[in-house]
Structures are given as structure tokens and as C-alpha cells.
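Visitor: Hi, I'm new to this. Can you walk me through this one with me asking as we go?

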Amino acid sequence: MDSFELNKVMGAILGTLLFTLALNIVSGGIFASHAPHKAGYEIVAKDDKGGQQQAAVEPQIPLENLLNEANPEKGASIARQCVACHDFTKGGPNKVGPNLYGVVNRDSASHEGFNYSNAMKAKKAKWTFEAIDKFLENPSKVVPGTSMTFLGLRKATDRAAVIAYLNKQADAPAPLPKPVAVNATPDAQKKDGDKKDAEKKDAPKQKDAEKKDAPAPAEKKEMPAEKKDAPAPAEKKDAPAKQ
Ligand code: HEC
């Protein structure tokens with residue numbers, strides 16, 4: 001074998017190796033396996049409230065707050081679902097449903113010239129923000145036998161937007177209710193209060209301890225200030241009513 005032939009053999013071997021390497025790189029790119037972002041399967045558990053998952057996921061924000069944050073323009077676009085049956089303009093006609101101009105704080109079943117169902121006539125309520133909110137969530141559940149065959153708006157934010165819009169369709173829009181403090185469930189507040197009471201009792205002991213130069217935890221020094229922050233008794237009484 002002369003050196004020329006040897007060169008050919010070596011060249012062939014090198015070429016094959018290069019080809020294999022290139023193939024490896026290319027196939028690696030094509031068949032790359034990515035690790036999942038989250039390990040395992042996501043399990044969506046059904047809650048026991050008849051599968052109203054959307055409602056369960058939604059944070060429980062009070063209607064007062066939702067109304068204050070609501071965008072009436074968004075409400076107007078959601079209210080397109082109503083216009084097949086309702087007119088919102090002043091002096092506008094009754095359609096399948098009654099004219100809704102000025103419906104906020106109007107007595108139920110009170111619009112002139114509309115033939116309400118017996119169920120609605122029997123309701124005898126005022127269409128407050130809250131009453132409309134409940135009604136719109138599930139009309140036939142709130143007024144069984146109503147002739148409003150509308151499934152309802154399940155999202156609280158959608159209802160609030162529609163109500164904010166409805167409120168504007170009036171000679172004198174009703175003032176929006178004041179927003180309430182969130183996360184102030186009566187239970188949590190009470191527990192908090194109890195804890196603070198207990199801490200108060202401990203406080204004098206800590207002073208003694210400090211005098212003796214015992215290393216008092218930094219947290220304890222903040223105690224007197226916290227006492228002043230404890231919810232006033234009046235606030236506690238209010239909390240259950242708000243719910
Ligand atoms: C399929 C037709 C239909 C749709 C859609 C509909 N409604 Fe109604 N609505 C009615 C009817 C009919 C009544 C009267 C109910 C009765 O007498 O029982 C009514 C009654 C009402 C009332 C009570 C009015 C009063 O004078 O007592 C309100 C408030 C109301 N609708 C709001 C809405 C809103 C807001 C929407 C849209 C999100 C909507 N409705 C969608 C048909 C409809």
C-alpha cells in the first residue's frame with residue numbers, strides 16, 4: 001500500500017467519523033426532549049359546589065369593591081347580551097323584557113306597560129345593587145318562575161360592570177357604596193384580636209425581663225405600638241353585618 005492509497009483510507013475513515021458526528025448533532029436538534037416545566041400531571045379537583053369551579057377560583061371580593069372598580073364601558077359591552085330583550089334608553093320601549101332605564105333602586109315589576117310574570121310581581125323588592133347582582137347571577141334561581149330566560153352572568157366582575165353601566169342609564173345615578181376592607185373576615189379578625197389580647201398580658205413580664213438584661217427578642221419591643229393597632233370593638237361588631 002503506497003502512501004497515496006493510505007491517504008484515501010484515512011480520508012474515508014475521517015469522513016465517516018465527521019458524517020456521524022454531524023448526524024448526531026442534527027438529530028439531537030430535531031428530536032430534543034425538553035424536561036416539563038412542572039413535574040407530574042396537573043390534577044384539577046372538582047369542588048363540592050356542583051362544579052362551579054369558576055366561582056370557587058374567583059377571589060371573594062365584596063360587591064361594594066367590585067362596583068367601585070367596575071368599568072361601565074366594559075359593562076356596556078357585556079350588556080349586549082341583554083339588548084335582545086331590554087332597551088336601556090329613557091322612554092324606550094319594553095321588549096321581551098321591561099325597559100331598564102333607571103332600574104337601579106326601582107321597585108321590582110314596576111315598569112309601566114310591561115306584563116311581568118306572577119313570580120316577578122310576587123317578589124316585591126327593590127332593585128338595589130345587591131338585588132340586581134344576585135338576580136343576574138342566576139335569574140331563575142333567585143326568582144323561580146321568572147319569564148327572564150337568561151342563564152345569568154357567573155362572573156362577579158362581569159355583573160359589577162353591567163350594574164355600573166345600568167346605574168349610568170338613569171337621570172340620577174345612585175351613589176356607589178363605599179368599598180369595604182378586604183380580608184377582614186370576622187373569624188380572622190377575632191382570632192387576631194384574641195392573639196393581641198394574649199400578647200398584652202405578656203407585655204409587662206417582658207419589661208421585667210428586659211430590666212434583668214435578658215436578651216429580649218426584638219419583636220417584643222414592638223408590642224405597645226401594636227396594642228394601639230388592635231381593632232376597636234366597634235369595628236368587630238360591624239364585621240359580621242358586612243358579610
Ligand atoms: C331572553 C330575554 C332576556 C335577556 C337576554 C335578559 N333579560 Fe332581563 N328580563 C327579561 C324578562 C322577560 C324580564 C321580566 C321578568 C319577569 O317578569 O319575570 C326581565 C327582567 C329583568 C329585570 C327586572 C326588571 C323589573 O322591572 O323588575 C332586570 C333588572 C333585568 N331583567 C336585567 C337584565 C340584564 C342586566 C340582562 C343582561 C345581562 C338581562 N336582563 C337579560 C328578559 C331578558
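Predicted model: local features only at pLDDT ≥ 70, side-chain atom pairs only at ≥ 80, totals over all residues.

Visitor: Okay, in what order do the elements of the protein chain run from the N terminus on?

Guide: They run α-α-α-α-α-α-α-α-α-α-α. Residues are numbered from 1 along each chain as its sequence is written.

Visitor: How many helices and strands does the secondary structure come to?

Guide: Eleven helices and zero strands. Helices (H or I, at least four residues) and strands (E, at least two) are DSSP runs, numbered from the N terminus.

Visitor: What share of the protein chain is buried?

Guide: Buried residues make up 16% of the 243 residues. A residue is buried if 20 or more other C-beta atoms lie within 10 Å of its own, exposed if 12 or fewer, and partly exposed in between, with C-beta atoms placed from the backbone.

Visitor: And what about contacts between residues at least 6 apart in sequence, how many of those join residues at least 24 apart?

Guide: That comes to 59% of them in the protein chain. Two residues are in contact if their C-beta atoms, placed from the backbone, lie within 7 Å.

Visitor: New topic, the ligand. How many residues surround the ligand, and which are the closest?

Guide: 29 residues surround the ligand, and the closest are C82, C85, G97, M120 and M148. Near here means that the C-beta atom, placed from the backbone, lies within 6 Å of the molecule.

Visitor: Which helices each supply at least two residues of that shell?

Guide: α5 and α6 each do.

Visitor: What classes of residue does the shell around the ligand have?

Guide: By class there are 19 nonpolar, ten polar and no charged residues. Ala, Val, Leu, Ile, Met, Phe, Trp, Tyr, Cys and Pro count as nonpolar, Asp, Glu, Lys and Arg as charged, and the others, Gly among them, as polar.

Visitor: You mentioned α6. At what angle do α6 and α8 cross?

Guide: The axes of α6 (residues 129–137) and α8 (residues 156–168) cross at roughly 130° and come within 10 Å. Axes are lines fitted to C-alpha atoms, for helices over the stretch in contact, and angles run from 0 to 180 degrees between N-to-C directions.

Visitor: So what do you call that orientation of α6 and α8?

Guide: The two helices are oblique to each other. Angles under 35 degrees count as roughly parallel, over 145 as roughly antiparallel, 65 to 115 as roughly perpendicular and the rest as oblique.

Visitor: Left-handed or right-handed, that crossing of α6 and α8?

Guide: α6 passes α8 in a right-handed crossing. The label is left-handed if the near helix is turned anticlockwise from the far one by less than a right angle, and right-handed if clockwise.

Visitor: Which residues of α6 and α8 meet there?

Guide: From α6, F129, I132, D133, L136 and E137 meet R159, V162, I163 and L166 in α8. The residues of this contact divide into six nonpolar, no polar and three charged.

Visitor: Let's do some loops. Where is A109?

Guide: A109 sits in the loop between α4 and α5. With 21 C-beta neighbours inside 10 Å, A109 counts as buried. Leaving aside its neighbours within four places in sequence, A109 is in contact with Y116, M120, K121 and K123.

Visitor: And Y116, where does that one lie?

Guide: Y116 also lies in the loop between α4 and α5. Y116 is partly exposed, because 18 other C-beta atoms are within 10 Å. From C-alpha to C-alpha, Y116 and S147 are 7.6 Å apart in space, though 31 residues apart in sequence.

Visitor: What about A84, buried or exposed?

Guide: A84 is exposed, since it has 10 other C-beta atoms within 10 Å. You'll find A84 in the loop between α4 (72–78) and α5 (118–123).

Visitor: Last one: which residue has a positive phi of about 70°?

Guide: That's N105, and N105 is not a glycine. N105 is placed in the loop between α4 and α5. K124 has a positive phi too, near 45°, and is a residue other than glycine. K124 is found in the loop between α5 and α6.
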